[in-house]
Amino acid sequence: MNDNEGLVIRNTGSAYQVLLDDGRSVACKIKGKFRLKGIRTTNPVAVGDRVTVALNESDTSYITAITPRRNYIIRRASNLSKEAHIIAANVDLAVLVVTLAHPATSTTFIDRFLTTAEAYNVKAMLVINKTDLLTSDDDRELLEAVSYLYSSIGYPVIALSAATGEGVDALRESLAGKITLFSGNSGVGKSTLINDLIPGLNLRTAAISAIHDTGMHTTTFSEMFPLPGAEGGYIIDTPGVKGFGTIDFDPHEVAHYFPEIFSAGADCRYGNCTHTHEPGCAVRRAIDDNLIAASRYASYLSILEDSADDKYRKAF
């Protein structure tokens, strides 16, 4: 038995696939206890982790150590409200794929993802897919409004159609050389888009349910795939999620993860203003003046309520 270092490229529950630095891909299990301080997780090792592996040519190989993470992103686990699931570690960019129709992604879901990325120090980008389905004037106005809302806050936004290929090249350029996590509701075309970005990958895709206008789950675990091209990079595909439960947010820190609310809050009369009822609140004044979107403030209040009452939106 000897030790080797490598990158975790797949997590299937209790089993992991590790790409060793010498190019070999090895199936591994875990030996020992790995825990994030203060957070109980369903998966102590995640895709994107750099690990040490004790190889055993005739039997099971084991992950024996994890290199300290520079960041990670988590969501609430589906089994216990106090447990978290690490979606990925050591991520350069988190891409949230959304759609404005068939199905429509809620702004609350978008905001919960973006605030979680902010909280765990992961840069985020919004990709609006299925623009080929936005054919009416109202549809185009909605696309422009959503794009402006998030780009004005500081998040890159790319509108595209994985079905027609329009806009995919712009996204491909943005991902070159980066380790990028892809997430989104089921049915937004995430797998189709990744198949466009990595020709020959052939991730399984599923049709939208006509009854509920929602996607059928096709990904059940996180997996990392190399991007083609000289600059390299990886895409981490993650299971489709229906909700996004925030984890362990201090109620006094929720505003920190909304850049425009945090910025406006500097002018509040009270330093510990919660932006809910206090006199002299600059945030509520900015909302009245249409400088902060009402949808963002509603998302802020929903997360504040979760944090205060220890309640979580169900996530899958």
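The axes of helix α3 (residues 168–175) and helix α4 (residues 190–197) approach within 10 Å and cross at roughly 75°. Helix α3 is therefore roughly perpendicular to α4 (65 to 115 degrees; under 35 is roughly parallel, over 145 roughly antiparallel, the rest oblique). Axes are lines fitted to C-alpha atoms, for helices over the stretch in contact, with angles from 0 to 180 degrees between N-to-C directions. Helices (H or I, at least four residues) and strands (E, at least two) are DSSP runs, numbered from the N terminus. Val168, Leu171, Arg172 and Leu175 of α3 meet Leu193, Asp196 and Leu197 of α4 (contact: heavy atoms within 4.5 Å). The residues of this contact comprise five nonpolar, no polar and two charged.

The model is predicted: local features require pLDDT of at least 70, side-chain atom pairs count only at pLDDT 80 or more, and totals for chains, interfaces and linings use all residues. Residues are numbered from 1 along each chain as its sequence is written, and side-chain values use heavy atoms, with hydrogens and water left out.

Ten salt bridges are found in the whole structure (a side-chain nitrogen of Lys or Arg within 4 Å of a carboxyl oxygen of Asp or Glu). One joins arginine 10 and glutamate 223, at 2.9 Å from N to O. This pair links distant parts of the chain. Arginine 10 lies in strand β1 (residues 2–11) and glutamate 223 in strand β14, 213 residues apart. Arginine 10 is partly exposed at 31% relative accessibility, whereas glutamate 223 is buried at 14% (buried: under 20% relative accessible area; exposed: over 50%; partly exposed: in between; 1.4 Å probe, protein chains only).

Aspartate 49 and arginine 69 also form a salt bridge, with an N to O distance of 2.7 Å. Their positions are 20 residues apart. Aspartate 49 sits in the loop between β3 (25–30) and β4 (50–55). Arginine 69 sits in the loop between β5 (61–66) and β6 (72–76). Aspartate 49 is buried, at 0% relative accessibility.

Arginine 24 pairs with aspartate 22, the closest N and O atoms being 2.9 Å apart. Arginine 24 is partly exposed at 38%. Aspartate 22 is partly exposed at 48%. Salt bridges also link Glu5, Asp21 and Arg50 in a network.

Serine 222 occupies the loop between β13 (214–215) and β14 (223–226). Serine 222 is buried, at 5% relative accessibility. A polar atom of its side chain lies 3.4 Å from the backbone oxygen of isoleucine 87. Beyond four places away in sequence, serine 222 touches residues including Arg10, Val47, Ile87 and Asp237.

How values were computed:
Ala, Val, Leu, Ile, Met, Phe, Trp, Tyr, Cys and Pro count as nonpolar, Asp, Glu, Lys and Arg as charged, and the others, Gly among them, as polar. A polar contact is a pair of N or O atoms within 3.5 Å; within protein, one must be able to donate a hydrogen and the other to accept it, and residues adjacent in sequence count only if both atoms are side-chain atoms.
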